[in-house]
Amino acid sequence: MPDAESTDFRTLMIAANSGDREAYGRLLHMLTAVIRRVVSNDRYLIGSDAVEDVVQDVLLSVHAVRATYDPDRPFMPWLLAIVRRRTIDAGRRRLRRGMRELPLDEDAVTFPASEANTYREELSHTEELRVAINRLPRGQREAIELLKLRQMSLREAAAATGSTVGALKVATHRAMTSLRAMLKKT
Amino acid sequence: MKTNELIEILTDDATPARPLRAPWRRTALWFAVSGGYAAALIAIMSHDTTWFTRISLSRFWLEQATALTTGVAAAAAALLSVIPGRSSRWQIAPAIPLALWLAILALGCLRDWDARGAAGLVVGTDWPCTMAMLLGAFVPVAAMMVMVRRGAPLMPSATAAFAGLAGAALSSVVACVSRPAPHATTMTVVVWHLSTLLVLVFTTVLFGRHLLEWPLHPRLTAMLAKSSGSVNGRRQ
């Protein structure tokens with residue numbers, strides 16, 4: 001790190017801490033490149049896809065503890081200590097997540113029965129399904145549209161329709177039974 | 001949220017930030033508050049007024065001096081640990097007076113054993129001493145936690161441990177000076193004081209580290225939430 005750049009950071013930081021927003025904006029933009037470079041060196045620890053998240057964590061942390069910067073001391077050790085800590089935090093988060101989650105390969109076969117293996121099967125009865133849904137009573141149709149097509153939660157759907165969660169569950173169950181019966185006939 | 005958008009939000013939120021005072025000044029402030037509290041407790045809890053006669057007991061006062069130094073060194077270590085970019089060599093500073101304190105206590109045990117044989121190593125019960133320590137540590141630990149929360153939680157567990165040690169060492173002085181126990185063996189002091197000290201340090205680490213978070217102002221949190229719906233899940 002060139003001394004001139006470090007001096008610039010220090011000058012801008014002092015100005016920023018005294019309330020100069022323009023200087024602070026410039027400082028953060030300049031720091032982002034430095035932080036990204038340092039964090040990228042540890043991408044094996046945090047994962048390549050998390051580099052930008054850690055850069056943003058560091059920026060937030062710099063902002064949160066900017067009062068701890070002593071103008072009489074060099075800037076870079078102060079910054080790098082924060083970068084190191086936030087990188088380690090991200091590495092730990094990744095490790096914990098890795099211990100909780102088990103990556104699974106996509107299975108070509110789901111169940112032994114051949115009827116159950118609809119892997120990559122194209123939907124071929126969309127028109128019949130649309131017609132069948134339209135033939136449902138209004139309450140059941142609304143339940144299917146909100147819960148199955150728009151993927152709303154039961155609570156959201158209940159709020160949207162003014163109904164209760166229990167009533168929506170019953171309406172969905174009845175709608176699915178009716179749809180199965182209608183599609184079997186076709 | 002894109003990084004440039006985050007920078008805009010942070011820039012908008014930038015108000016003048018008054019730099020923290022130098023760690024040694026903050027240590028002095030902590031000692032003034034905690035020392036005043038300790039002195040008040042000693043004055044309230046002392047059952048006799050003969051404590052000053054123990055001035056002649058050089059070992060007793062040496063023990064208190066090393067405990068006090070341990071407390072101050074741990075307080076300085078806690079306050080330095082929340083300043084980014086400081087050398088980590090200061091972390092061993094509390095270990096020196098702590099080792100000296102333990103050595104003096106060990107020497108006391110040896111003297112008791114030499115003078116009274118096995119009876120000199122008997123461990124008596126000393127619950128009042130533990131209660132005095134818990135009471136004596138309350139304000140110093142609380143004051144230290146308030147002070148370190150203004151800094152950067154670079155290593156929350158170590159900071160909390162230093163804070164616990166600072167309060168516990170100071171409270172040990174409160175317990176020893178306010179509750180003279182001339183008949184107690186040094187082993188009793190070792191077991192009860194050090195056990196209470198360990199409990200205090202462990203409890204402070206257990207609860208204190210959760211209090212040490214990167215201090216985002218609620219106004220900024222609200223601005224971030226408004227901008228992206230959530231502080232988490234940022235992407236450029």
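Contact here means heavy atoms within 4.5 Å. The model is predicted.

**A helix pair in chain A**

Two helices of chain A meet by that rule. From α2(A), the residues involved are Leu27(A), Leu31(A), Val34(A), Ile35(A), Val38(A) and Val39(A). Their partners in α5(A) are Phe75(A), Met76(A), Leu79(A), Leu80(A), Val83(A) and Thr87(A). By class, this contact has 11 nonpolar residues, one polar residue and no charged residues.

Helix α2 spans residues 21–40 of chain A, and helix α5 spans residues 75–100 of chain A. Their axes come within 11 Å of each other. They cross at roughly 55 degrees, which means that α2(A) is oblique to α5(A). The crossing of α2(A) and α5(A) is right-handed.

**Cysteines in chain B**

How many disulfides does the structure hold over all chains? It holds zero. A disulfide needs two cysteine sulfur atoms within 2.5 Å. The sulfur of Cys109(B) has its closest cysteine sulfur in Cys176(B), 13 Å away, so the pair is too far apart for a bond. Cys176(B) is in no disulfide either. Its nearest cysteine sulfur is that of Cys129(B), at 6.0 Å.

Are Cys109(B) and Cys176(B) buried or exposed? Both cysteines count as buried. The table gives their values.

| Cysteine | Relative accessible area |
|---|---|
| Cys109(B) | 11% |
| Cys176(B) | 8% |

The cut-off for buried is under 20% relative accessible area. Cys109(B), at 11%, is therefore buried, and so is Cys176(B), at 8%.

Note on methods
Residues are numbered from 1 along each chain as its sequence is written. Chains are lettered from A and ligands numbered from 1 in the order in which they are written. This is a predicted model: local features need pLDDT of at least 70, side-chain atom pairs count only at pLDDT 80 or more; totals for chains, interfaces and linings use all residues. Side-chain values use heavy atoms; hydrogens and water are left out. Buried means under 20% relative accessible area, exposed over 50%, partly exposed in between (1.4 Å probe, protein chains only). Axes are lines fitted to C-alpha atoms, for helices over the stretch in contact, and angles run from 0 to 180 degrees between N-to-C directions. Helices (H or I, at least four residues) and strands (E, at least two) are DSSP runs, numbered from the N terminus. Angles under 35 degrees count as roughly parallel, over 145 as roughly antiparallel, 65 to 115 as roughly perpendicular and the rest as oblique. A crossing is left-handed if the near helix is turned anticlockwise from the far one by less than a right angle, and right-handed if clockwise. Ala, Val, Leu, Ile, Met, Phe, Trp, Tyr, Cys and Pro count as nonpolar, Asp, Glu, Lys and Arg as charged, and the others, Gly among them, as polar.
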